[in-house]
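Hello,

Here is the structure we talked about handing over. Please look through it first; my notes follow.

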Amino acid sequence: MLLTRTIPVLLLHGKGLNKTRRFEYWKYLGDPVNAVRIFNEKEVDELIVLDIDASRNGFAPRINEIVELAGECFMPMCYGGGITDIEQVRRLLGEGIEKVSLNTSAHNNPGLVEEAARYFGSQSIVVSIDVRETSPGRWSVFSNSGRQDRKVDPVSFAVQMQDRGAGEILLYDIDRDGTKSGYNLDLIGRVSESVDIPVVAAGGAGHLGHLQQAIRAGAHAVAAGSLFVLIGRLDGVLISYPAQAELERLYAGLGEFA
């Protein structure tokens with residue numbers, strides 16, 4: 001069984017999907033239900049769906065729409081965006097979404113991470129850590145879709161969230177988002193070494209070799225947007241995902257099989 005999870009990321013913007021570049025709106029991708037159905041056919045490991053309007057604009061989760069989308073998924077789904085209280089977590093998990101991702105609320109109300117983990121189990125609670133480089137070799141954690149600098153080091157924040165009960169860290173490099181320039185391997189290594197929970201690397205994947213590099217750097221799983229929704233030098237829209245045999249060859253030398 002392939003143990004390394006390879007996870008597409010879909011970004012909800014209004015009624016459709018958008019691909020961002022450095023967390024700014026960039027390219028319209030189409031209907032989210034259609035994308036989910038294609039990923040079903042591709043037999044993806046897991047799916048991350050993030051509402052990028054929610055925290056940016058102070059919206060609550062559009063729970064009915066999210067639940068409808070989750071109903072189309074044949075794979076585990078993690079949802080993030082606008083979650084601010086335990087009742088929203090309860091509703092989302094109760095409607096069949098396997099994990100919720102907390103970002104801005106993990107800063108504004110870190111007790112929510114602890115409460116959610118206590119009631120629903122750490123395995124259901126992801127903390128998303130969005131990071132920018134603020135000076136050479138130094139990073140800071142940002143919230144509100146990359147707009148608010150929390151002036152906290154990502155390593156120390158990851159440890160705090162683990163101590164609060166988070167079961168997983170989604171580590172997103174804002175500067176590399178949508179660039180296809182590769183993951184921030186130094187950052188991945190530092191955060192992965194600091195915590196015992198899985199770290200999912202996101203931001204920068206441009207080809208399959210980048211996924212392998214992130215795992216070698218210490219990530220437990222890899223997430224990507226552009227790699228799975230865009231194609232070619234001109235970034236045409238095409239939903240894709242490697243065949244399981246291709247992923248097996250990719251990760252074969254990493255000791256990720258059982």
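Start with helix H3. Its buried residues are covered by, among others, strands E1 (5-13), E4 (47-51) and E5 (77-80), and helices H1 (32-42) and H4 (86-94). Helices (H or I, at least four residues) and strands (E, at least two) are DSSP runs, numbered from the N terminus. Buried means under 20% relative accessible area, exposed over 50%, and partly exposed in between (1.4 Å probe, protein chains only).

This is a predicted model: local features need pLDDT of at least 70, side-chain atom pairs count only at pLDDT 80 or more, and totals for chains, interfaces and linings use all residues. Residues are numbered from 1 along each chain as its sequence is written, and side-chain values use heavy atoms, with hydrogens and water left out.

H3 spans residues 63-71, and Ile63, Ile66, Val67, Leu69 and Ala70 are buried there. Seen down the helix axis, these fall within an arc of 160° (taken from the directions from the axis to the C-beta atoms), so they line one face of H3. Asn64, Glu68 and Gly71 are exposed on the other side.

Next, the cysteines. The whole structure has zero disulfides (pairs of cysteine sulfur atoms within 2.5 Å). For cysteine 73, the nearest cysteine sulfur is that of cysteine 78, 11 Å away. Cysteine 73 counts as buried, at 11% relative accessibility. Cysteine 78 is buried too, at 3%.

Regards

Definitions and conventions
Contact means heavy atoms within 4.5 Å.
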